[in-house]
Amino acid sequence: MRRILLTLVVLLVPALTLAAPARAGGWAVTFMDPAPADVQPHTTYTLGFWLLQHGTHPYEGVNLGEVGLKFTDGSKVVRFSGVELSEPAHYAAAISLPPGTWKVEGIQGWFAPYGIGTLTVPGRLKIAPIPEDLRRAIDSQTPQENYWGEVHPPGFKAGSGSGRPVASPPPAASPSPSPSPSPSAALSAPDGSTGSTITATVTEPGSWWHPAYAVAALLALALIGTLTYRVRRR
């Protein structure tokens with residue numbers, strides 16, 4: 001029996017750790033640039049945003065994966081791919097939405113999606129506060145090197161040398177709308193070439209399944225098989 005309990009602890013502790021990557025070091029925060037004050041239906045807008053690992057600095061690895069914005073209204077899900085800009089961790093996505101109340105999330109590559117807030121169309125983007133556990137994690141970090149100049153994430157000081165936001169991003173939108181001049185938008189990458197295609201796809205809501213859960217499920221199945229085998233032997 002002791003061996004069974006030991007096996008249970010050994011298998012479940014890593015599984016639980018892997019199942020919550022957003023709170024175990026592998027997490028990021030999406031900060032939005034000021035958005036138009038009055039977003040109209042079926043109108044193209046370009047939204048800027050910053051994907052910061054641990055809420056303070058650009059991603060330090062390679063092959064981050066897809067970055068963009070996801071909008072959900074009931075059964076409708078629309079995703080817009082982001083294009084990397086010249087500043088570290090800075091992206092832009094061209095969007096166009098029908099009327100509705102849209103939950104906005106940052107698509108953060110292999111990081112878990114980040115809840116940005118709610119966009120009402122027609123209307124404005126309301127930024128949600130940073131979750132308290134992430135805010136505490138951000139505040140507890142040692143200031144990073146300065147990555148930005150005059151163009152920097154909301155809440156950060158330009159050229160301050162601090163890698164920690166001095167305040168939560170302001171929830172207010174910019175005073176005037178800034179629709180793109182054309183109904184279809186293709187953004188340019190920093191080198192002047194056309195970046196990844198801006199796509200909008202409408203699907204059913206995405207599954208809650210995360211790759212880390214697959215590992216946890218496999219470990220749980222292995223544990224069940226081991227326990228079943230031992231019980232039958234006895």
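Me: Which residues have the most contacts inside the largest nonpolar core?

Reply: The general idea comes before the case: in soluble globular proteins, nonpolar side chains tend to be buried together. A nonpolar core here is a set of buried Ala, Val, Leu, Ile, Met, Phe, Trp, Tyr and Cys residues joined through side-chain atoms within 4.5 Å. Buried means under 20% relative accessible area, exposed over 50%, and partly exposed in between, with a 1.4 Å probe and protein chains only. In this structure the largest core has 38 residues, and Met 32, Leu 69, Phe 71, Ile 95, Leu 97 and Leu 119 have the most contacts inside it. Strand 2 supplies the largest share of this core, 6 residues. Keep in mind that the model is predicted: local features need pLDDT of at least 70, side-chain atom pairs count only at pLDDT 80 or more, and totals for chains, interfaces and linings use all residues. Residues are numbered from 1 along each chain as its sequence is written, and side-chain values use heavy atoms, with hydrogens and water left out.

Me: What does Met 32 touch?

Reply: Contact means heavy atoms within 4.5 Å. Leaving out residues up to four places away in sequence, Met 32 touches Leu 47, Gly 48, Phe 49, Leu 69, Ile 116, Leu 125, Ile 127 and Pro 154.

Me: On to the sheet. In what order do the 4 strands of the open sheet come?

Reply: Strands of a sheet pair through backbone hydrogen bonds, either parallel or antiparallel. For the bookkeeping, helices (H or I, at least four residues) and strands (E, at least two) are DSSP runs, numbered from the N terminus; two strands pair if DSSP finds at least two bridges between them. Here the order is 1-2-6-5, with antiparallel pairing. Strand 1 (28-32) and strand 5 (83-84) are the edge strands, each pairing on one side only. Inside the sheet, strand 2 (residues 45-53) and strand 6 (residues 90-95) are joined by 6 bridges, and Leu 47 stands opposite Ala 93.

Me: How many bridges pair strand 7 with strand 8, and how many join strand 8 to strand 9?

Reply: Strand 7 (residues 100-108) pairs with strand 8 (residues 114-121) over 7 bridges, in the antiparallel sense, with Thr 101 opposite Thr 120. Strand 8 is then joined to strand 9 (residues 125-127) by 3 bridges, also antiparallel, and Gly 117 faces Ile 127 across that pairing.

Me: Which residues have a positive phi although they are not glycines?

Reply: His 42 is one of them, at about 55°, in the loop between strand 1 and strand 2. His 42 counts as exposed because its relative accessible area is 59%. Asn 63 also has a positive phi of about 55°; Asn 63 is in the loop between strand 2 and strand 3 (67-73), and is exposed at 72% relative accessibility.

Me: Is Thr 30 buried or exposed?

Reply: Thr 30, in strand 1, is buried, with a relative accessible area of 5%. Its side chain makes a polar contact of 2.7 Å with that of Gln 108. A polar contact is a pair of N or O atoms within 3.5 Å; within protein, one must be able to donate a hydrogen and the other to accept it, and residues adjacent in sequence count only if both atoms are side-chain atoms. Beyond four places in sequence, the residues that Thr 30 touches include Phe 49, Trp 50 and Tyr 114.

Me: Last one: how many aromatic pairs are there?

Reply: Rings of Phe, Tyr and Trp (its six-membered ring) pair if their centres lie within 6.5 Å; planes under 30 degrees apart count as stacked, over 60 as edge-to-face and the rest as tilted. That rule gives 9 aromatic pairs. Take Trp 148 and Phe 156: their ring centres are 5.4 Å apart and the planes are at 70°, so the pair is edge-to-face. Trp 148 is buried at 4% relative accessibility, and Phe 156 is buried at 5%. Ring pairs also link Phe 31, Trp 50, Tyr 147, Trp 148 and Phe 156 into a cluster.
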